[in-house]
Amino acid sequence: MRFKSCSKFVPLFLLIGVALTAQMAPELKIASQATVKVKRGAPATVTLKVSLPAGFHANSNTPTEPNLIPLTLKWTGGPLQEGVITYPKPLMETYQFTAGKPISVVAGAFDVVTKFKVPAAAATGPSAQTGTLRYQACNDRMCFPPKTVPVNVTVSVE
Amino acid sequence: MNFSPHSVQPGRFFILLAVIAGVAVTLGSIGWPDKPSANVGSPVKDGKVRKQAPDFELKDVNGKVVRLSDYKGKVVLLDFWATWCGPCGIEIPWFTEFQRKYKDRGFTVLGVSMDDGGWKDVKPFVAEQKINYQIVLGDDKTSDQYGDVEALPTTFVIDREGRIASVHVGLADKKEFDDAIQKLL
């Protein structure tokens, strides 16, 4: 049997995959990035490339209901002075559980951008800017406990 | 035996796939052994195959210890939920209605909150939702006892002998719960 014939079964394999993973907690991924080169005394921008698996969403940074846990980036250490964090533009989506009322979410691939200032007295050379990204994800029928993932960006101060 | 698609005849390969699909769909719908079901609602199991619901000790808002075994002799709807869980918020008014409707017939709802924030998050929510049944704060141990409850809501309908009669993972159907309760009362 050739793979061309096997391709007929791809939807079946996908169905099996969906059946087996439907209740597994989704993992938010932050793409690894190249060293961010910055200059002392100058502004700097760090863009986190974030993604959630298909079929899942997380609350945006500005959820529509007070009980919902927002997407939150916190910088906890490193040579850079934190400025403004810009979260992705929320999607207003309705789900089986929202009874027709849209809620503010993020899904798929999105960026979280932080503006920094590099202190004039920052030590030159490589170092790490660290933080955490907290999110709480759901699909159309169920929700998963909030998770906090570490963020680690290599910064080279020149 | 080689399962390579190149070495298996088309007919056999299809049968193999059908078997794999059958197993996957079955596991997806009835759940792995000792794990909560993945589907909207499992049917009420025959009494002979029901497993004993693990007992636990959890605290209510006043710090009083509540055990599942305290409810032996009653049909219990055991709901794992959280304030941040949208689908849980849809089911809670159903459970409040069931509590009102069936409490005099030997039925109760027991809500296990999985909120990390504890009572400071749960207490206002309970008041706002006018929840009329017992709420306790859950913990990892209890979650593990019930098959590592991670997806919320996850709801177990427990018979008068303390055995799990049906499991519902995710937003379920109100009528399925109602039917299960009535069948067990």
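1. **Basis.** The model is predicted: local features need pLDDT of at least 70, side-chain atom pairs count only at pLDDT 80 or more, and totals for chains, interfaces and linings use all residues. Residues are numbered from 1 along each chain as its sequence is written, while chains are lettered from A and ligands numbered from 1 in the order in which they are written.

2. **Chain A, elements.** Chain A has two helices and 12 strands. Helices (H or I, at least four residues) and strands (E, at least two) are DSSP runs, numbered from the N terminus. Along the sequence the order is α-α-β-β-β-β-β-β-β-β-β-β-β-β.

3. **Chain A, burial and contacts.** Chain A has 158 residues, and 28% of them are buried. A residue is buried if 20 or more other C-beta atoms lie within 10 Å of its own, exposed if 12 or fewer, and partly exposed in between; C-beta atoms are placed from the backbone. Take the contacts in chain A with a separation of 6 or more: 73% join residues 24 or more positions apart. Two residues are in contact if their C-beta atoms, placed from the backbone, lie within 7 Å.

4. **A:Ala99.** This residue is not a glycine, yet its phi is positive, about 50°. A:Ala99 sits in the loop between strand 7 (91-93) and strand 8 (103-107) of chain A. It has 10 other C-beta atoms within 10 Å, so A:Ala99 is exposed.

5. **Chain B, elements.** Chain B has five helices and eight strands. From the N terminus, the order is α-β-β-β-β-α-β-α-β-α-β-β-α.

6. **Chain B, burial and contacts.** Of the 185 residues in chain B, 38% are buried. For contacts in chain B with a separation of 6 or more, residues 24 or more positions apart account for 71%.

7. **The loop between helix 4 and strand 7 of chain B.** Two features deserve a look here. B:Asp148 lies in this loop. Its phi is near 60°, a positive value in a residue other than glycine. B:Asp148 has 13 C-beta neighbours inside 10 Å and therefore counts as partly exposed. B:Pro153 lies in the loop too, between helix 4 (140-145) and strand 7 (154-158). The peptide bond from B:Leu152 to B:Pro153 is cis, with omega near -5°.
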